[in-house]
Amino acid sequence: MGEQVPRGLAELARGSRTVTVLSGAGMSAESGVPTFRDAQSGLWERYDAAALATPEAWLADAALVWGWYQWRRSLVRACEPNAGHRALARWARLADVRIVTQNVDDLHERAGSAVLAHLHGDLFASRCDTCGQEAHGAEPGPEVAQDGRTPPPRCECGGLVRPGVVWFGEALPPDAFEAGMRSVLDSHLVVVVGTSGLVQPAALLPDIALRSGIPVVEINPGPTPLSTDVDVSWRAPAAVALPALIEALG
Ligand code: OAD
């Protein structure tokens with residue numbers, strides 16, 4: 001296996017009947033889904049967030065935004081859950097593991113996990129931007145035009161069908177954050193994996209655990225603002241660390 005589980009972590013995890021896992025883009029990195037902020041490979045290094053992931057961008061150029069989300073949908077469709085996703089699904093057979101994710105992909109679900117909350121929405125959901133009705137049409141469709149634009153479908157009411165994700169400046173899906181917070185407060189252990197911890201309010205969840213005396217483990221190959229505060233900072237990739245941890249549970 002190769003990866004050494006940090007001292008005491010296997011015992012801590014074994015003794016935790018209820019676990020909340022807060023995952024971010026790094027969770028899916030080894031599946032081939034780009035993160036947002038990693039130098040070189042991060043999406044926000046290559047694309048302008050304000051031009052693609054804001055309500056203003058949608059109003060200015062809905063076809064450009066829809067085309068970009070169609071591209072991201074086909075990218076995720078071509079990816080498979082990695083060993084980290086699968087390890088979390090196995091852990092759920094041993095303990096009450098609740099997954100709270102910032103990811104809009106469906107790789108946790110495809111690995112067999114039930115996701116408690118998708119804090120930033122769902123890449124494969126869509127709804128009308130006018131009447132709010134859930135809509136179909138979020139499957140990767142025909143080829144995106146050369147200039148990246150794909151006109152979004154129209155709702156029966158005449159509005160445009162928009163991606164069911166949270167854009168900068170928008171509120172989280174109703175109850176998602178609260179469900180995450182309740183789960184954290186209910187947990188014996190919180191595992192934070194693959195997130196830079198820079199986006200609120202998701203980044204509050206580990207802080208809530210720490211302030212409540214609940215042990216927090218961070219799994220991330222790089223340092224984050226959380227690294228110095230957590231009980232265990234494990235500098236390792238998700239698809240290596242999580243299988244090693246679950247194997248160590250016995
Ligand atoms: P970021 O791109 O900000 O951070 C990704 C984190 O994953 C970094 O800390 C990396 O070090 C870490 N990482 C990279 N490879 C990894 C691996 N193999 N295993 C474990 N960790 C790895 O992504 P998020 O923190 O998820 O929101 O970003 C939060 C939100 O910002 C996203 O949900 C998205 C974005 O804007 C919206 O779109 C609303």
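A pocket, as I use the word today, is an open set of grid points with protein on both sides within 12 Å along at least five of seven lines. The model on the screen is a predicted one. In this model, the space taken by the ligand is the largest pocket.

Let us look at the ligand. Which residues are closest to the ligand? There are 22 residues around the ligand, and the closest are Arg37, His120, Thr195, Ser196 and Asn220. Sorted by class, this shell holds ten nonpolar, nine polar and three charged residues.

His120 has a polar side-chain atom 2.7 Å from an oxygen atom of the ligand. For Trp44, a polar side-chain atom is 3.0 Å from a ligand oxygen. Ala25 uses its backbone instead: a polar backbone atom there is 2.8 Å from an oxygen atom of the ligand. On its own, the ligand has 790 Å² of accessible area, and the protein covers 91% of that.

Now the cysteines. How many disulfides does a search of the whole structure find? The search finds zero. Take Cys157 as a case. The closest cysteine sulfur to that of Cys157 belongs to Cys128, at 3.6 Å. A disulfide needs the two sulfur atoms within 2.5 Å, so this pair is too far apart for a bond.

On accessibility, Cys79 is buried, with a relative accessible area of 8%, while Cys157 is partly exposed, at 43%. That is the end of my part.

How values were computed: Residues are numbered from 1 along each chain as its sequence is written. This is a predicted model: local features need pLDDT of at least 70, side-chain atom pairs count only at pLDDT 80 or more; totals for chains, interfaces and linings use all residues. Side-chain values use heavy atoms; hydrogens and water are left out. Buried means under 20% relative accessible area, exposed over 50%, partly exposed in between (1.4 Å probe, protein chains only). A residue is near a molecule or strand if one of its heavy atoms lies within 4 Å of it. A polar contact is a pair of N or O atoms within 3.5 Å; within protein, one must be able to donate a hydrogen and the other to accept it, and residues adjacent in sequence count only if both atoms are side-chain atoms. Accessible areas come from the Shrake-Rupley method with a 1.4 Å probe; for residues, only the protein chains shown count as cover. On a 1 Å grid over the protein atoms alone, a cavity is a set of points where a 1.4 Å probe fits but cannot get out, and a pocket is an open set with protein on both sides within 12 Å along at least five of seven lines; lining residues have an atom within 4 Å of a point. A molecule sits in a cavity or pocket if more than half of its atoms lie within 2 Å of its grid points. Ala, Val, Leu, Ile, Met, Phe, Trp, Tyr, Cys and Pro count as nonpolar, Asp, Glu, Lys and Arg as charged, and the others, Gly among them, as polar.
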